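This briefing reviews the strand pairing, helix packing and chain contact of the structure shown below.

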Amino acid sequence: MAANTAQAKTQFGYRRHPDQERSGANVAEHPVVVVGAGPVGLSLAIDLAQRGQRVVLLDDADRIGEGSRAICFSKRSLEFWDRLGVGDRMVEKGVVWSVGKIFHGASQLYQFNLLPEEGHKRPAFINLQQFYAEAYLVDRVEQLPEIDLRWRNKVIALESRNDGVALTIATPEGSYQVRASFVVACDGARSSLRQMVGADFAGQVFEDQFLIADVKMTAAFPTERWFWFDPPFHAGRSALLHKQPDDIWRIDLQLNPDADPVAEKQPENVRPRIERMLGHDKFEFEWISLYKFQCRRMAKFIHGRVIFAGDSAHQVSPFGARGANSGLEDAENLAWKLDRVLRRLSPESLLETYHIERSAAADENIRESTRSTDFMAPVTRQEARLREAVLSLAKDTEFGKRMVNGGRLSVPSVYDTPLSSGDRDDWRGGPRPGTSMPDAPVTEQGGGSSYLTDVFIRQGTRFTLLEFGNGTAADVPEGVGSIRVGGEGGLVDAQGLAGKRYDAEPGTAYLLRPDGYVAARFRNAARPPLDAALARASGVS
Amino acid sequence: MALSTSSNFAKPDDAFRAIVEAHRGLTEAQSADLDAALVLVLANHIGDLDVLREAIALAKRRTLDASQQQQQQQQ
């Protein structure tokens, strides 16, 4: 292979910052400090910067983490990354997939397609090593002068005040202090900021151990997610095989609860298992990791002016691709709200809806991934018996197939939120308020083809009214973007998919939030109800 | 109450018999496997989570009642 142009920089230098010269009453004050430059912290910083906020982004390391770690990025995450200007790069490098197969023993039980319909810009999922995602995000950060990314800056103390937070930061050249109006802790499952605010992190610990191996092999193998219950090469347990870029394959093997972690991790012990799985020995190990996991979340995602996002706030089992993807959903949910609060366009109470919406999403993710885990590793004899009954019924029945749970893959949560205005008109379909906007292909007046998600970005990723043609354009409030499908000068819904997905009639209008969620919808968008919905969605009323 | 507990079979003895006979000749473990599959098949046929929950509650109350009676008899 030629020099990999997508290969990105992973090692970064510490640089002294003028803030470090300041002390006492003279310490630097910043609107937002984001702690942790992983996928969540980086994406949040970019979103805030694109909205015009200055962001200090701290990370205690000076390099991007090793190992593939999170590898499945969802359609929703890709749409978010499109808004941040990194979607194309992720998709170009990533492995696109939408088909999964489930096996029981040696035979296939069924297969599923996560995105069975056409007309979406982004696929259901891409697989991409987390270090690539982080590297591309860092490249984007470096294009944005609003972001001040400081490597080897470790927060060692935190003092909450009414109107902000004082942070003490250790560097290779000693420690210094800054003050921030808001701190967002994206510092991972072992969050030190969570400990500093004294928050609990309760939940369920799973006893089963899983082994992850990334192996390099050039093999003709379909780009699909393969999941086995009780495979011939790993009797009684489960296994997962998934393709990543660079001819790397992710293998997850469930181990016995009493397996010895040190011995299991030795390549000479892992190799025979994988040889049996692949049926050959033409592979090399890139990375081996052993893990147990927990499903838990913080009771409150906001502690004064310290806000938690991603793994620092919630942890799930890896089955379902709900870790990094839900963290990215946190970031996009928080960015526009924090921006509005910092600009004093919305009251600080708008941030409370971040907790409401995202903690409910965390509960859903924990519930789904706990169910998957329990299905893979039944706790009691009777649970195992019911599981076996489902697997055997799945061979012959549709309902059995649908009960087999080899991981329910991440889809965006539907929010039951005070920001939504309830439906007053009659709807037969389409996204109800609290739902993420469905994508659809549209043709522009000049004949160019595009997607609704792209048009939304071009409207400025702000509150936007999506209207379906009815002669004249609706009277759109100031500061609100406008997308018109059909009608004079509007986008053309050549395939009729936009109209179908939004249950559109002439005059139908959807008010979209800056994160692309539906806030309200109308059969006819008259100003008073539209203004009321906008005020509600901004947290103003 | 959505769960029907009135008698729905014209010949209840035939229904009971059909289930009993399905277990004839099976070991305890095989019987338990059969029951597990049968419960899932029937639950799907009902296809109503509220009815299923009521059915579970009714069945569970009966087991609790039985275990309480047993305890009282032992005392």
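Two strands are taken to pair if DSSP finds at least two bridges between them. By that criterion, strand β14 (residues 225-229) of chain A and strand β15 (residues 238-244) of chain A pair in the antiparallel sense, over four bridges. The model is predicted, and the points below are grouped by topic.

**The sheet of chain A**

- An open sheet of seven strands runs in the order β6-β5-β14-β15-β16-β13-β17 (chain A), and its pairing is mixed.
- β6 (107-113) and β17 (284-291) of chain A are the edge strands, each pairing on one side only.
- From one strand to the next, the twist averages 15 degrees.
- Strands of a sheet pair through backbone hydrogen bonds, in either the parallel or the antiparallel sense.

- Six of the seven residues of β15(A) are buried, so that the strand is mostly covered; burial here requires 20 or more other C-beta atoms within 10 Å of a residue's own.
- With strand β16 (residues 248-255) of chain A, β15(A) pairs in the antiparallel sense over six bridges.
- In β16(A), Ile251(A) is the residue opposite Leu241(A).
- The hairpin of β15(A) and β16(A) has three residues between the strands, and Asp246(A) in this hairpin takes a positive phi near 65 degrees.

- Strand β13 (residues 209-216) of chain A pairs with β17(A) in the antiparallel sense over seven bridges.
- Lys216(A) stands opposite Glu284(A) in β17(A).

**Packing of helices α8 and α9**

- Two packed helices are described by the angle between their axes and the distance between the axes.
- For helix α8 (residues 324-342) and helix α9 (residues 350-376), both of chain A, the axes come within 9 Å and cross at roughly 170 degrees.
- Because angles over 145 degrees count as roughly antiparallel, α8(A) is roughly antiparallel to α9(A).
- The residues of this contact divide into eight nonpolar, four polar and six charged.
- On the α8(A) side, the contact includes Glu329(A), Asp330(A), Leu334(A) and Lys337(A).
- The residues they meet in α9(A) include Leu351(A), Tyr354(A), Arg358(A) and Ala361(A).

**Contact between chains A and B**

- Seven residues of chain A are in contact with seven residues of chain B.
- Helix α10 (residues 381-394) of chain A gives the most to the chain A side, with six residues.
- The chain A side divides into five nonpolar residues, one polar and one charged.

Definitions and conventions
Residues numbered from 1 in each chain as written. Chains lettered and ligands numbered in written order. Predicted model: local features only at pLDDT ≥ 70, side-chain atom pairs only at ≥ 80, totals over all residues. Contact = placed C-beta atoms within 7 Å. Helix = DSSP H or I, 4+ residues; strand = E, 2+ residues; numbered from the N terminus. Nonpolar A, V, L, I, M, F, W, Y, C, P; charged D, E, K, R; others polar. Axes fitted to C-alpha atoms, helices over the stretch in contact; angles between N-to-C directions. Parallel < 35°, antiparallel > 145°, perpendicular 65-115°, else oblique. Buried ≥ 20, exposed ≤ 12 C-beta atoms within 10 Å, placed from the backbone.
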